[in-house]
Amino acid sequence: MSESLKYQIALSLIKGIGPKLARNLVAYVGSEEDVFKQNINTLSKIPGIGPVVAQSIKSSDVLERAEEEIEFITKHEIQATFYNSTKYPSRLSYCDDAPLLIYTKGEYNLDSTKVLGIVGTRQATEDGKLNCESLVSDLAIRYPDLVIISGLAYGIDVCAHRAALKNNLSTYGVLAHGLDRIYPNLNRNTAKQMLEQGGLITEFVSQTNPDKPNFVKRNRIVAGLVDALVVVESGIKGGAVITARIANTYNRDVLAFPGSSKEELSKGCNYLIKRNIAALIENAEDLEYALGWESTNKVEGIQKRMFTEFKTKEEERLYKLLFEHKELTANELCLKSQLPVSKVSATMLSLEFAGLIKCLPGNAFRIL
């Protein structure tokens, strides 16, 4: 670890100095190290600082705390990236209130060609989870390099992460606490899997609790890291609506699944759509249209899956039909494939066991 990292971490810990002011301060004095070498009088005269904050800079023990944090991140193989580093996520760097420093564990693929945020309520319904899973699985076929970002919370967030893992997409969880813990603990196993296929991100040092104000700060990172944000389900005052509003101020595309006006968990999405904050989507095709994404990888993705995962020609034929029609019943599959009922039933069971399709009510099927 470089000596400058100590001053970078320390700067991020000074009370009364947010990301914007800290950047201005570094620009004014020359470097993060110089911030701590100025006398109180000089600091007091810097625009936005004043005597109170200047005194806080000189009297705080943030340098000592920074050294402790360096020991922690070194021991646990955590990467710390300062805002002026070439490794700092490019999308996030354009947000004027972006964190001074982010801590990441796992892979580092935050500048992928396409990055999608998916957020929603902690009390997700089965329909909400199905919408989330279907969206991710359909996009995975079209865009194998797509990265999914969310907040590793209960409900829609963890559903998005798990769907990404299942479909071999990279996925990152943005945390509202330090990397010395996982909250909620129930998602610990998912978080461990994500380290092999993505990672965890936070702006908070270790020993930081998941306090309520930290979640709003976390939400702005989710919004800043993505090209577009999808809200699957949310109440009118849900955190997902807050994230959507932030994304909108960052000029990110926002999309939302509509729902019944009588359902509390649809009111947030409906509100965003009615206020023209979010575009209405119901599937991956709607998202592609709204974002102007072209499915250049669609054929390549499905062919790759065919050659590596299908065991028989019947599996390949039936999977192709589901891909083309999105959802079909067993009878419709028989008619379109010209295969007998017994062969279709056995093949669909095989595909389901392989984790390639899902059986729906009414003896219908769709791809995962």
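**Contacts, sheet and rings in a predicted model**

The model is predicted: local features need pLDDT of at least 70, side-chain atom pairs count only at pLDDT 80 or more, and totals for chains, interfaces and linings use all residues. Residues are numbered from 1 along each chain as its sequence is written, and side-chain values use heavy atoms, with hydrogens and water left out.

Valine 254 is part of strand β8; strands (E, at least two residues) and helices (H or I, at least four) are DSSP runs numbered from the N terminus. With a relative accessible area of 4%, valine 254 is buried (buried is under 20% relative accessible area, exposed over 50%, partly exposed in between, with a 1.4 Å probe and protein chains only). From alanine 176, valine 254 is separated by 78 residues in sequence and by 22 Å in space, C-alpha to C-alpha.

Strand β8 (residues 253–256) pairs with strand β7 (residues 228–231) in the parallel sense, over four bridges; two strands pair if DSSP finds at least two bridges between them. Alanine 256 in β8 has valine 231 opposite. Both strands belong to an open sheet of nine strands, ordered β1-β2-β6-β5-β4-β3-β7-β8-β9, with mixed pairing. At the edges are β1 (79–82) and β9 (279–280), each of which pairs on one side only.

The next topic is the aromatic rings. Across the whole structure, a search finds four aromatic pairs. Rings of Phe, Tyr and Trp (its six-membered ring) pair if their centres lie within 6.5 Å; planes under 30 degrees apart count as stacked, over 60 as edge-to-face and the rest as tilted. One of the pairs joins tyrosine 7 and phenylalanine 36, with centres 5.9 Å apart and planes at 45°, so this pair is tilted. Because tyrosine 7 lies in helix α1 (residues 3–13) and phenylalanine 36 in the loop between α3 (32–35) and α4 (40–44), the pair ties together parts that are 29 residues apart in sequence. Tyrosine 7 and phenylalanine 36 are both buried. Phenylalanine 82 and tyrosine 83 also form a tilted aromatic pair, at 4.7 Å centre to centre and 50° between the planes. These residues, phenylalanine 82 and tyrosine 83, are both buried.

Charged groups also sit over rings, a term that requires NZ of Lys or CZ of Arg within 6 Å of the ring centre and within 35 degrees of the ring normal. The charged end of lysine 114 sits over the ring of tryptophan 293, 5.3 Å from the ring centre. Arginine 122 has its charged end over the ring of phenylalanine 215, 5.5 Å from the centre of that ring.
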